[in-house]
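Me: I have a model open and would like to learn how to read it. Can we take a few features in turn?

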Amino acid sequence: CMRSLRTALALGMALFFTAGAFAQTWPSRPIKFIVPFPPGGPTDIIGRNAAQILQTALGQPVVVDNRPGGTGTVGLEALAKSPADGYTVGLTAITLTISPHLGPVPFDAFKDFTLISRLGATTPIIVAHPNFPANNLAELVAYARANPGRVNYGTPGIGTAPHLAAELLQIAAGITLVHVPYKGTVQLTQDLLAGAITLNFESSLTMAKANVNAGKLKPIAMLTEKRSPLLPDVPTAIELGYPT
């Protein structure tokens, strides 16, 4: 359902410790901050902002360590296997709970980490290359039905929230899209701007807004319950015939 689609995309990033206790003198040395996605994407941006806030608050260097791969699994494995002394923290998105359902993972999502805080939520949007003939979700669905298997979309990886959102839309609308997984958001965006791919189920409006405003990307629909004040003219999926 579209509620599941919105929930999958809108869940925020969370900050984790390796499970365990640490001394009361903490912190007395630098802290490693693992971000399980490549530099430049929405998760990395949130992670670097959080690291700077922690560094200011704690008075110790907080060093960002990007560990991309496996839709976040590589970085989370590194976090899970780090000493439980409070000197390694990590950032994750909803993929922490998605990955175990896609296959074996080298960590226990419920036992190997201690939650510190939820850091924020992103605003999801479907965007397209300007040459794509559809201008909204209803037109996208109609075009995809008339051209099955000829419309592709990029995601930052298999099992990510954007991937699940696209799969849910295909089920709900009875259409077939071609998935092109990337290792992160930066290369995906470059290929979308170049026309190598057609659609992006972007999890962060902040990442897409500048290109939308410049006419380099076309907004198709917001995957939120209400329109965003940042792009008030872009309708939601609900308005375009996909109610919750």
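Me: In which loop does Leu217 lie?
Reply: The model is a predicted one. Leu217 lies between α8 (205-213) and β10 (218-222).

Me: Which residues is Leu217 in contact with, leaving aside its neighbours within four places in sequence?
Reply: Val127, Ala128 and Pro130 are among them, as are Leu192 and Leu193. Asn211 and Val212 complete the list.

Me: How far apart are the C-alpha atoms of Leu217 and Thr198?
Reply: They are separated by 9.9 Å, and the two residues are 19 apart along the chain.

Me: Now for a strand. How many of the 5 residues of β2 are buried?
Reply: The same cut-off applies to each residue: under 20% counts as buried. In β2 (residues 31-35), 4 of the 5 pass, so the strand is largely enclosed by the rest of the structure.

Me: Which strand is joined to β2 by 5 bridges?
Reply: That is β3 (residues 62-66), and the two run parallel. Within this pairing, Ile34 has Asp65 as its bridge partner.

Me: Which strand is joined to β2 by 3 bridges?
Reply: Strand β4 (residues 88-92), also parallel to β2. Here Phe33 stands opposite Val89.

Me: What unit do β2, helix α2 and β3 make?
Reply: With α2 spanning residues 42-58, they make a β-α-β unit, and it is right-handed.

Conventions. Residues are numbered from 1 along each chain as its sequence is written. This is a predicted model: local features need pLDDT of at least 70, side-chain atom pairs count only at pLDDT 80 or more; totals for chains, interfaces and linings use all residues. Side-chain values use heavy atoms; hydrogens and water are left out. Buried means under 20% relative accessible area, exposed over 50%, partly exposed in between (1.4 Å probe, protein chains only). Two strands pair if DSSP finds at least two bridges between them. A crossover is right-handed if, with the strands pointing away from the viewer, the path from the first strand over the helix to the second runs clockwise. Contact means heavy atoms within 4.5 Å.
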